[in-house]
Amino acid sequence: MSLRIVVTVKYVPDATGDRHFADDLTVDRDDVDGLLSELDEYAVEQALQISENSDDDVEITVLTVGPEDAKDALRKALSMGADKAIHVEDDDLHGTDAIGTSLVLAKAVEKAGYDLVISGMASTDGTMGVVPALLAERLGVPQVTLLSEVSVEGGTVKGRRDGDAATEQLEASLPAVVSVTDQSGEARYPSFKGIMAAKKKPVQSWDLSDLDIDEDEVGLENAYTVVESAAERPARTAGTIVKDEGEGGKQLAEFLAGQKFI
Amino acid sequence: MAEVLVYVDHVDGAVRKPTLELLTLARRVGEPVAVALGNGAGDTAAALAEHGAVKVLTSDAAEYADYLVVPKVDALQAAVEQVSPAAVLVPSSAEGKEIAARLALRLGSGIITDAVDLEAGDEGPVATQSVFAAAFTTKSRVSKGTPVITVKPNSAAVEAAPAAGAVEALSVSFSAAATGTKVTARTPRESTGRPELTEAAIVVSGGRGVNGAENFAIIEALADSLGAAVGASRAAVDAGWYPHTNQVGQTGKSVSPQLYIASGISGAIQHRAGMQTSKTIVAINKDAEAPIFELVDYGVVGDLFDVVPQLTEEVKTRKG
């Protein structure tokens, strides 16, 4: 038996940088450093753990859709221990929304071949958290999402989902789409050996024609949503800051009372 | 007037507040038709009618509890086919977003998530979103299909607007995918008696500075004096001092209360992403240089172990 895992990852602008919009109201990627979305590191980690806990042959492929620089995200995942990588890059993809991105990912996952897709719970830039569900709908396979624990055994994936109202135990047959939260387990740091090995691992590049996707199915012009305006939030007016010299709590209570909170 | 579908988030018939807010927003773009699913679906009708639902479509079946997400998508799709609404509104919970996404894909529609406001526009509803850790405000609309929009809690004040709320049974035939992911066990979260974090008008949060699970008692005491929910920063959650379900920030809950009190939280960008849209922000921190002070309406530079108990006592005294 063998198990083919595809981990979808995203190259995102660093959240600690000064993010802003380009003239076409897409995210400006030129002025901010990019990196592998932190939440996707958890997905790579769980793929590696499933592999380490499995008696089967497990092959882990990392997949990203993004510009040239997005290869950095793939390298990071390869240096953590993934086996190979696929980079979907095409100029016509600029400005593609979540619906379009899920199409590209679904086609790429099908072309790569898979038993299990693992994603992070959301990207750290768009933070929508909808792509894993969209991917499952497109692929017509079960979604086993927002897991804080995940295991695979004998063609079945099981996991724990901590929701607002309840904790649920979930179970589905493979193939399936899984997403994991930041509670699933600390992601490992790449070792020096891992970083060296990553340089020799294969990175395949596909464009839209490789995936039989028409250019009018993706891109900003064909997105299902339109951003009409983006305005920088006005800077907050500087607040009152006091030093506690024994009466700090009482002073704060006075402020809260003035604001009618007490 | 066009009808607008509102997905009802309820627990055994008790409607949660974000759904009532959604009904208020829905009235700006059409006539609200509510869709309530699962155990107690029929019991939601009175509350929904009181807040503007002209109709309540209900469906109860074991599938909604026994399988993840897809049965609810099947039901919403059936409701869309029956009503042909101008838009579908869903509360922005983790599950709500998943339901909305799959529905949008089936309808050939665009999806907008985490709207913080909604208004009628010439070309359909216009949603306001707060992005890049609330550094920017965008206005967007769905340009293809029936707009599917998820709305964050606390995005509108709940307004009563009595309407007919006529209950109709929704006929749903489940898809082959509906039974794909089985829920094999469910443990309801134990109630703390405090308001739900994302719905609370006041949130009191503790971070690294709280320095231990046992010390969260003083954060809880302040929260209880104000009738507030308790939040925690990721540092506090990762240290095991407070449950992940209470985490405020980029990878936890995003909150937008009237008042947010941060104690012992430095204010890293990941935390700010989850609380920056709070109306009034207060911080207590020993470090005068902590970035959280850039956001505050009122800040106290001091030891939270002195300031928080004193504040709690003062609140209790003033409230009598």
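**The open sheet**

Ten strands form an open sheet with mixed pairing, in the order β12(A)-β9(B)-β8(B)-β7(B)-β10(B)-β6(B)-β1(B)-β4(B)-β5(B)-β11(B). The edges are β12 (225-232) of chain A and β11 (166-169) of chain B; each has a single partner strand, so one side of each is left without a neighbour in the sheet. From one strand to the next, the twist averages 35°. Strands are DSSP runs of E, at least two residues, and helices are runs of H or I, at least four, numbered from the N terminus. Two strands pair if DSSP finds at least two bridges between them.

This is a predicted model: local features need pLDDT of at least 70, side-chain atom pairs count only at pLDDT 80 or more, and totals for chains, interfaces and linings use all residues. Residues are numbered from 1 along each chain as its sequence is written, chains are lettered from A and ligands numbered from 1 in the order written, and side-chain values use heavy atoms, without hydrogens and water.

β12(A) runs antiparallel to β9 (residues 136-142) of chain B, joined by seven bridges. Ala230(A) has Thr138(B) as its bridge partner there.

Now β4(B). Five bridges join β4(B) to β1(B), and the two run parallel. Glu31(B) in β4(B) stands opposite Glu3(B). β4(B) also pairs in the parallel sense with β5 (residues 55-59) of chain B, over five bridges. Here Leu37(B) stands opposite Ser59(B).

Terms used:
Axes are lines fitted to C-alpha atoms, for helices over the stretch in contact, and angles run from 0 to 180 degrees between N-to-C directions.
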